[in-house]
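Dear colleague,

I am passing on a structure that I would like you to look through when you have time. My notes on its strands, crossovers and nonpolar cores follow below it.

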Amino acid sequence: MANLRELRDRIRSVNSTKKITKAQELIATSRITKAQAKVEASQPYANEMTNMMNSLASASSLDHPILRHRENGKVAAVLVVTSDRGMCGGYNNNVFKKAAELEGLLRGQGFDVVRYVTGGKGVGYYSFREKEVVGSWTGFSQDPNWEATHDVRHHLIDGFVAGSEGTTAARAGLHAEGEGQPVRGFDQVHVVFTEFESMLVQTPRAHQLLPIEPAIKEEELHLGDSALEDTPEEQDLSADYEFEPDADTLLEALLPQYVSRILFSMFLEASASESAARRTAMKAATDNATELVRDLSRVANQARQAQITQEITEIVGGAGALAESAESD
């Protein structure tokens, strides 16, 4: 009976865990839909911003720090985007591995690496291993919005503009030693985040955010007969913009907004990836719990059957002994 009682207690415990994992699976599924809707809703603005920046860049001669590659760069900032909560499988661990690879590569190139982290799991990971984190932001990994990510976006941009020889003021929400004190700038900004490819595939990526890498259109890589065959009518179809104020002024004002928008899109991708990873992990946990309950129930039924068989055997044996005793009298 003791063994049977233990089996029944364990079945109840697994069923309770199963309810939790199933609820987490359903919540994650609903959040994926919302996260994908946010990504899709932000695409029109992102596309128009990209088109405008391309037009401004072609009409501008501005030499902005955000566009300038620094030959003697000394400091590289790495932003590691993690989740605030767990129960999402290998989501965070894959990000940590990619971040470690990137940091090793940057140190091999002679950079001093300063680490920034978003998400409670990343803060706990580096704190437990006593690795320095210059700044951290938490509380928006599951549902990022423009206001919640304001400080991290602008701190990275300000720090890059200041450069490794300068400093930038610590923004609100920057949890670092000496909070409120000026923070050293940097010459490169890299972001390690998880890109959402599908419900089953989320890939960790390392992306250089600053300086902005120039985009080369595919047709520009194939200069030849095709470029020479354009008729005058086709050439006249290209858009001709007039900017007010001038293109240089507009580009200088919009470049930080453009970079900020790119970083925000990474937060949206990471949010969708986190929910998808959590859904996958919780579904696997629910399926495992169902299988475990089935196995435990089978063992419990066998134990119960063995117990009943033993009781019947004892009853039959006792009855036989009483019958023999009565005959002998």
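Two strands are said to pair if DSSP finds at least two bridges between them. In this predicted model, strand E2 (residues 112–118) and strand E3 (residues 135–137) meet that condition, pairing in the parallel sense over three bridges, and the bridge partner of Val117 in E3 is Ser136. E2 also pairs with strand E1 (residues 75–81), again in the parallel sense and over seven bridges, with Val113 of E2 as the bridge partner of Ala76. Between E1 and E2 the chain passes through helix H2 (residues 91–108), in a β-α-β crossover that is right-handed. A right-handed β-α-β unit is likewise made by E2, helix H3 (residues 120–128) and E3.

As for burial, six of the seven residues of E2 are buried, which leaves this strand mostly covered. The largest nonpolar core has 38 residues, of which Leu79, Tyr116 and Phe186 touch the most other members. Among the elements that give two or more residues to this core are E1, E2, helix H1 (2–59) and helix H7 (247–328), and H7 gives the most, with ten residues. Apart from this there is a second, separate core of 13 residues, which includes Val78, Val80, Phe111 and Val113.

With best wishes

Technical notes: Residues are numbered from 1 along each chain as its sequence is written. This is a predicted model: local features need pLDDT of at least 70, side-chain atom pairs count only at pLDDT 80 or more; totals for chains, interfaces and linings use all residues. Side-chain values use heavy atoms; hydrogens and water are left out. Buried means under 20% relative accessible area, exposed over 50%, partly exposed in between (1.4 Å probe, protein chains only). Helices (H or I, at least four residues) and strands (E, at least two) are DSSP runs, numbered from the N terminus. A crossover is right-handed if, with the strands pointing away from the viewer, the path from the first strand over the helix to the second runs clockwise. A nonpolar core is a set of buried Ala, Val, Leu, Ile, Met, Phe, Trp, Tyr and Cys residues joined through side-chain atoms within 4.5 Å.
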